Amino acid sequence: MPEIRVTPLGAGQDVGRSCILVSIAGKNVMLDCGMHMGFSDDVDDELEIKAYYAGHVLGAAMFQIKVGSESVVYTGDYNMTPDRHLGAAWIDKCRPNLLITESTYATTIRDSKRCRERDFLKKVHETVERGGKVLIPVFALGRAQELCILLETFWERMDLKAPIYFSTGLTEKANHYYKLFIPWTNQKIRKTFVQRNMFEFKHIKAFDRAFADSPGPMVVFATPGMLHAGQSLQIFRKWAGNEKNMVIMPGYCVQGTVGHKILSGQRKLEMEGRQVLEVKMQVEYMSFSAHADAKGIMQLVGQAEPENVLLVHGEAKKMEFLKQKIEQEFRVNCYMPANGETVTLPTSPSIPVGISLGLLKREMAQGLLPDAKKPRLLHGTLIMKDSNFRLVSSEQALKELGLAEHQLRFTCRVHLHDTRKEQEMAMRVYSHLKSVLKDHCVQHLPDGSVTVESILVQAAAHSEDPGTKVLLVSWTYQDEELGSYLTSLLKKGLPQAS
């Protein structure tokens with residue numbers, strides 16, 4: 001039986017890494033992986049890949065993988081809510097056999113984005129007004145640009161003087177590519193681009209390590225976003241002991257990172273060399289994550305209308321909650337395999353068949369109009385040419401293939417005890433069938449045989465027993481059902497003559 005096999009090597013009941021193996025219609029596909037710069041890799045003609053806009057970060061895409069009539073959609077990370085610089089993810093009603101979706105925020109339904117932005121700006125403003133420093137750990141691509149645009153606009157409107165910095169390196173390069181690929185951003189950014197580039201920030205400058213020790217208020221965007229290493233962790237260690245300062249965590253933090261620990265309420269952290277860092281600065285969590293929340297995931301499933309759903313890139317307990325919700329609402333099977341576990345899905349491939357115009361006209365002549373809700377059974381000859389299937393009438397098939405018509409008939413023998421002559425026997429058979437089969441055309445031919453539609457009944461003498469007659473019942477395959485019925489009817493015997 002055809003099947004689709006899925007094996008996560010990363011993102012199976014965990015967050016932070018992704019690698020999915022899919023076997024579909026004899027093809028093996030690895031999802032979410034890099035490419036070798038030294039090779040040119042060509043897919044074959046049977047494999048079709050289609051990309052959909054995913055929001056999330058600049059250039060993010062969801063992919064549909066199709067081989068024949070079987071297909072899988074893999075989302076990667078996506079966001080169903082438009083933000084200040086990117087549009088929302090979108091997919092058509094592609095009805096794949098399987099939708100593989102991330103589930104980072106499987107149990108979260110976010111509040112109003114506008115309220116979150118207002119709260120964020122208020123906390124940042126209050127902190128710098130009292131002379132404090134604000135650290136915003138971000139990843140280089142996505143939330144850094146979103147929040148930079150938000151603060152840039154607010155600083156301009158409020159005429160604030162406190163400096164805003166972003167860490168050099170990846171974020172600086174990311175901003176450069178945002179400037180290059182303005183067409184990939186949302187309509188508002190593209191429209192504004194006519195007057196000015198939104199990523200040419202007036203109030204936000206590149207950060208230097210020495211600035212961390214400077215007195216006075218400031219706002220710093222630094223990578224990475226979970227405070228597990230790098231410049232964001234270095235700045236955090238310097239500022240953590242001052243209660244006037246604030247760290248705002250704008251996204252998801254994996255268990256075990258410093259970000260996860262402080263969001264869980266831990267205020268004494270053991271650092272390298274068994275040093276204990278006491279956290280006195282204010283800690284705030286405001287989700288500006290570019291991942292879809294539970295509502296967004298359900299929305300995408302509803303749009304794509306898959307036959308099956310498979311959850312990856314999420315925590316097991318949260319996945320279980322979303323799995324039940326998807327199965328209840330959409331009445332489809334939902335899976336959540338762990339890393340190394342394989343999910344096997346049986347599929348029912350459909351084979352497209354073209355129908356000849358002559359065959360359709362013949363069906364229409366019977367007065368039966370096509371109805372999408374009521375499938376019709378068509379009788380014809382199936383021809384395969386150049387890997388394409390066509391259903392045509394038997395006459396057309398013979399003509400196209402240059403073949404002569406041969407008729408195949410099935411014959412069954414029925415033995416009846418009767419001493420009369422064969423002609424009398426045939427007449428009794430005709431009278432009996434005429435009385436029983438009122439809706440069929442029953443005829444007695446001059447040669448003594450009896451016909452019912454294409455079925456032929458002939459009476460013959462038994463070679464060894466003069467008191468027994470043999471009825472030969474033959475039919476074509478089209479009338480097999482009626483032929484079998486007649487045979488069983490005649491085996492019961494003929495009524496006694498009056």
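Residues are numbered from 1 along each chain as its sequence is written, and side-chain values use heavy atoms, with hydrogens and water left out. Because the model is predicted, local features need pLDDT of at least 70 and side-chain atom pairs count only at pLDDT 80 or more, while totals for chains, interfaces and linings use all residues.

**Exercise 1.** Describe how helix 11 packs against helix 12.

Step 1. Locate the helices. Helices (H or I, at least four residues) and strands (E, at least two) are DSSP runs, numbered from the N terminus. Helix 11 covers residues 422–436, and helix 12 covers residues 480–491.

Step 2. Take the geometry. Axes are lines fitted to C-alpha atoms, for helices over the stretch in contact, and angles run from 0 to 180 degrees between N-to-C directions. The two helices pack at an angle of about 120 degrees, and their axes are 12 Å apart. Helix 11 is therefore oblique to helix 12 (under 35 degrees is roughly parallel, over 145 roughly antiparallel, 65 to 115 roughly perpendicular, and the rest oblique).

Step 3. List the contacts, meaning heavy atoms within 4.5 Å. From helix 11, Val-429, His-432, Leu-433 and Val-436 meet Tyr-485, Leu-486, Leu-489 and Leu-490 of helix 12. By class, the residues of this contact are seven nonpolar, one polar and no charged. Here Ala, Val, Leu, Ile, Met, Phe, Trp, Tyr, Cys and Pro count as nonpolar, Asp, Glu, Lys and Arg as charged, and the others, Gly among them, as polar.

**Exercise 2.** Describe the packing of helix 7 with helix 8, and find what covers the buried residues of helix 7.

Step 1. Helix 7 (residues 294–304) packs on helix 8 (residues 316–330) at about 35 degrees, with 11 Å between the axes.

Step 2. Helix 7 contributes Ile-297, Met-298, Val-301 and Gly-302 to the contact, and helix 8 contributes Leu-322, Lys-325, Ile-326, Glu-329 and Phe-330. The contact has six nonpolar, one polar and two charged residues.

Step 3. In helix 7, the buried residues are Ala-294, Gly-296, Ile-297, Met-298, Leu-300, Val-301 and Ala-304. Their cover includes helix 8, strand 5 (61–67), strand 7 (98–102) and strand 16 (308–312).

Step 4. After helix 7 comes Glu-305, with a positive phi near 50 degrees.

**Exercise 3.** Characterise Ile-204 of strand 10.

Step 1. Strand 10 spans residues 204–207. Ile-204 counts as buried, because its relative accessibility is 4%.

Step 2. Beyond its neighbours within four places in sequence, Ile-204 is in contact with Cys-148, Glu-152, Ile-164, Tyr-165 and Phe-166.

Step 3. Val-219 is 15 residues from Ile-204 in sequence, and their C-alpha atoms are 9.2 Å apart.

**Exercise 4.** How many disulfides does the structure have?

Step 1. A search of the whole structure finds zero disulfides.

Step 2. Check Cys-94: its nearest cysteine sulfur belongs to Cys-334 and is 16 Å away.

Step 3. Compare accessibility. Cys-94 counts as buried at 17%, whereas Cys-115 counts as partly exposed at 38%.

Key: Disulfide = S-S within 2.5 Å. Buried < 20%, exposed > 50% of the residue type's maximum accessible area, 1.4 Å probe, protein only.
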